[in-house]
Every structure is written in C-alpha cells, then in structure tokens.
Amino acid sequence: MKLTKENIVFIDNYLQNSGVFYYDVRVEMLDHVATAVEKKMEEESLDFYEAFKEYMMLNKKELLKNDKFWSRFSKETILNFLKFLIHPLQLIVGLGIYLVLRKIPVFSFFSEDFTFRHFFYCAVIVFAVIQLLYFHLILRKRYYGLERLSGVFALIYYLQIFLMPLADDKNPSLFVVLFFSYLFVGYVLFFVKEGLKFKKKNKVLFQ
C-alpha cells in the first residue's frame, strides 16, 4: 500500500515540528519512516494515520535520539580536512602562499594598531558571513552535510586563540603567517570542494 503525497507531507511536517531541522537528515529519516509505515499498513490492514501513530509511539524516542548525534563537530569531517591539507595539490597551494609571502612585503601591513591577529580575525568574520549568506539566501534550507563544515572553521578560530598569543603578532614570523594562512586558504578550498561534492550527490535536495 503506497503512501500518498499528502501522507509524505504530513510525515515531513511532523519531523520538522519535532525538531529535525536539517533538510538532508529529514529526507533520510522521512524515507525510513515512510517505508516502515507502508509495511505496517499492509501487514496489519491499518489506514495511514493509525499506522503512523502506532509506529511513532514505539519509535519516536529512538528516532529523535539518533537525531541528537547530528553535531556540528564531526570527527569524520575533521579527519577529511586534515587529509585535504596534506594532499599534493593543496601542498602546492601552500608552496604558492610561501612564495607570495617571500616576494610581497605583507609584514609591512602589520603594526601595533593592526596586528596579524586582527587581520586573521577579520578574514574569519568575512568568510563566516559569506557562509551564512550562502546557507540562508542561496540554499534557503539547513543541510547537515554542509553546515558541519563550520565545525572545522570554528576549530581553526579556536586554534588561533590559543596559539597566536604565543607568537609576536605585531611582528609575526614567516612560519606563523604561513601556518594560519595555509589553514584559512585550505578551509576555503575545502568548503568549495565539499559544497560541490554535496550538491552533486544530493541533486534532488537542491531542486
């Protein structure tokens, strides 16, 4: 017994009202619930609402419990980012950053009033705003597959909070500037790469 379009919309609204905000997670959960409800309708000769009510009474707690594991900080994403940083093409990008830093007098831009830490903070804020605009104005839905990338960005920001004070950010060393520049540029490229891969994999979600 197949569910109608109205039944699918009903389940989707129910999950959304239950706090399942990420669209890609909800689609996956919706498919799971719909399949289980269809099976229950056929095996027990129930109508949709009876089957759905009984299924959710038994499984809602477990479903929503699993949803709590969708955290912004994903171990898998962090490991993928670290692997991306040591990819040969990304190392070539790092070499390019190094050559630019050696050829262009970027250190002359830093002073007591505008340190490297100020510059890095501004760069982080600007890209964070770009991400928010992309999520809310272009995608217009929340996607866990993309938003979890922000956890990596947050870790980079926390890293500079702990490590930057150990260096002289008024007169930063080439290593400090290269290290944080490499992390920042690496994240921007990683975000673009993962965004394109996610969009290609989930075309139906973007329609």
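Modeller: On a 1 Å grid over the protein atoms alone, a cavity is a set of points where a 1.4 Å probe fits but cannot get out, and lining residues have an atom within 4 Å of a point. The model here is predicted: local features need pLDDT of at least 70, side-chain atom pairs count only at pLDDT 80 or more, and totals for chains, interfaces and linings use all residues. Residues are numbered from 1 along each chain as its sequence is written, and side-chain values use heavy atoms, without hydrogens and water.

Colleague: Which residues line the largest cavity?

Modeller: Thr77, Asn80, Arg148, Leu149, Phe190 and Glu194 line the largest cavity. Its volume, the space filled by probe spheres set on the grid points, which are joined across faces, edges and corners, is about 40 Å³.

Colleague: How are two packed helices described?

Modeller: One gives the angle between their axes and the distance between the axes. Axes are lines fitted to C-alpha atoms over the stretch in contact, and angles run from 0 to 180 degrees between N-to-C directions. Helices are DSSP runs (H or I, at least four residues), numbered from the N terminus. Here H4 (residues 75-85) and H8 (residues 149-163) pack at about 65 degrees, with axes 9 Å apart. H4 and H8 are therefore roughly perpendicular (65 to 115 degrees).

Colleague: Which residues make the contact?

Modeller: With contact meaning heavy atoms within 4.5 Å, Thr77, Ile78 and Phe81 of H4 meet Leu149, Val152, Leu155 and Ile156 of H8. Thr77 and Leu149 also belong to the lining of the largest cavity.

Notes:
Helix = DSSP H or I, 4+ residues; strand = E, 2+ residues; numbered from the N terminus. Parallel < 35°, antiparallel > 145°, perpendicular 65-115°, else oblique. 1 Å grid on protein atoms, 1.4 Å probe; cavity = no way out; pocket = protein on both sides within 12 Å on 5 of 7 lines; lining within 4 Å.
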